Amino acid sequence: SSGSTQSTGDMPEILWKAYIDFEIEEEEYERVRALYKILLARTSHVKVWISFANFEASSENYQRCRRVYEEGDKALQGDRQKEERVLLLESWREFEVEHGSEESRERIRKKMPRRVKKRRRIEIAGGEEEEGGEGGWEEYWD
């Protein structure tokens, strides 16, 4: 709407969702895609990528769905976003289990980052070492 002073880029997330849901109900799928692209230009949040992919899957546009997952996977590569990328890849894997082939599932499996068990020191509140020094380490997956 040209009379609006607020650009769509500044809308809070709940309004984006309402706007996207409205356009889906209206079956304005090209507008839905445009909204997702504007939103993803602002935030590369994994929830948005998955929501966009689910939209394409629900309209049975599996090629477009895979393209969204591929773009999301590229956008989320990098150390800081490892957990988000794993969430995206798990969602993609579920999609391929339902709609893909053995080959497409294998491709996603190869993309999954290998999880490595590591150990790190546990900082005790107040900086004191625990009595006897036990319990000063924890194992975690990275």
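**Ground rules and confidence**

Residues are numbered from 1 along each chain as its sequence is written, and side-chain values use heavy atoms, with hydrogens and water left out. Since the model is predicted, local features need a pLDDT of at least 70 and side-chain atom pairs count only at pLDDT 80 or more, while totals for chains, interfaces and linings use all residues.

The pLDDT is the predictor's confidence in each residue, from 0 to 100. The protein averages 83, and 77% of the residues score at least 70. Confidence is highest in α4, with a mean of 96, and lowest in strand β2 (residues 137-141), with a mean of 67. Over residues 1-6 the pLDDT stays under 50, and the model has zero contacts there beyond four places in sequence; a contact means heavy atoms within 4.5 Å. Where pLDDT is low, the predicted coordinates should not be read in detail.

**Overall layout**

You will find six helices and two strands in the protein, in the order α-α-α-α-α-α-β-β along the sequence. Helices (H or I, at least four residues) and strands (E, at least two) are DSSP runs, numbered from the N terminus. Of the 142 residues, 27% are buried. Here buried means under 20% relative accessible area, exposed over 50%, and partly exposed in between (1.4 Å probe, protein chains only). Among contacts between residues at least 6 apart in sequence, 37% join residues at least 24 apart.

**Aromatic pairs**

A pair of aromatic rings is described by the distance of the centres and the angle of the planes. Rings of Phe, Tyr and Trp (its six-membered ring) pair if their centres lie within 6.5 Å; planes under 30 degrees apart count as stacked, over 60 as edge-to-face and the rest as tilted. A search of the whole structure finds six such pairs. With 5.7 Å between the ring centres and 55° between the planes, Tyr29 and Phe55 form a tilted pair. This pair links helix α2 (residues 29-42), which holds Tyr29, to helix α3 (residues 46-58), which holds Phe55, across 26 residues of sequence.

Tyr69 and Phe95 also form a tilted pair, with centres 6.1 Å apart and planes at 45°. Tyr69 lies in helix α4 (residues 62-75) and Phe95 in helix α5 (residues 82-99), so this pair ties together parts that are 26 residues apart in sequence.

| Residue | Relative accessibility | Class |
|---|---|---|
| Tyr29 | 32% | partly exposed |
| Phe55 | 4% | buried |
| Tyr69 | 1% | buried |
| Phe95 | 5% | buried |

Ring pairs also join Tyr29, Tyr36, Phe52 and Phe55 into a cluster. Tyr36 belongs to helix α2 and is buried, at 5% relative accessible area. Beyond its neighbours within four places in sequence, Tyr36 is in contact with Ile20, Val48, Ser51, Phe52 and Phe55.

**Packing of α3 and α4**

Two packed helices are described by the angle between their axes and the distance between the axes. For α3 and α4 the angle is about 170° and the axes are 7 Å apart. Axes are lines fitted to C-alpha atoms, for helices over the stretch in contact, and angles run from 0 to 180 degrees between N-to-C directions. The two helices are therefore roughly antiparallel, the term for angles over 145 degrees. Residues making the contact include Trp49, Phe52 and Ala53 of α3, and Cys65, Val68 and Tyr69 of α4.

**Loop residues**

Most residues other than glycine have a negative phi. Glu27 has a positive phi near 60°; Glu27 sits in the loop between α1 (13-25) and α2 and is exposed, at 57% relative accessible area. Glu60 has a positive phi of about 55°, lies in the loop between α3 and α4 and is exposed, at 61%.

Finally, Ile122 is in the loop between β1 (117-121) and β2 and is partly exposed, at 29% relative accessibility. The C-alpha atoms of Ile122 and Trp137 are separated by 5.3 Å, although these residues are 15 apart along the chain.

How values were computed:
Parallel < 35°, antiparallel > 145°, perpendicular 65-115°, else oblique.
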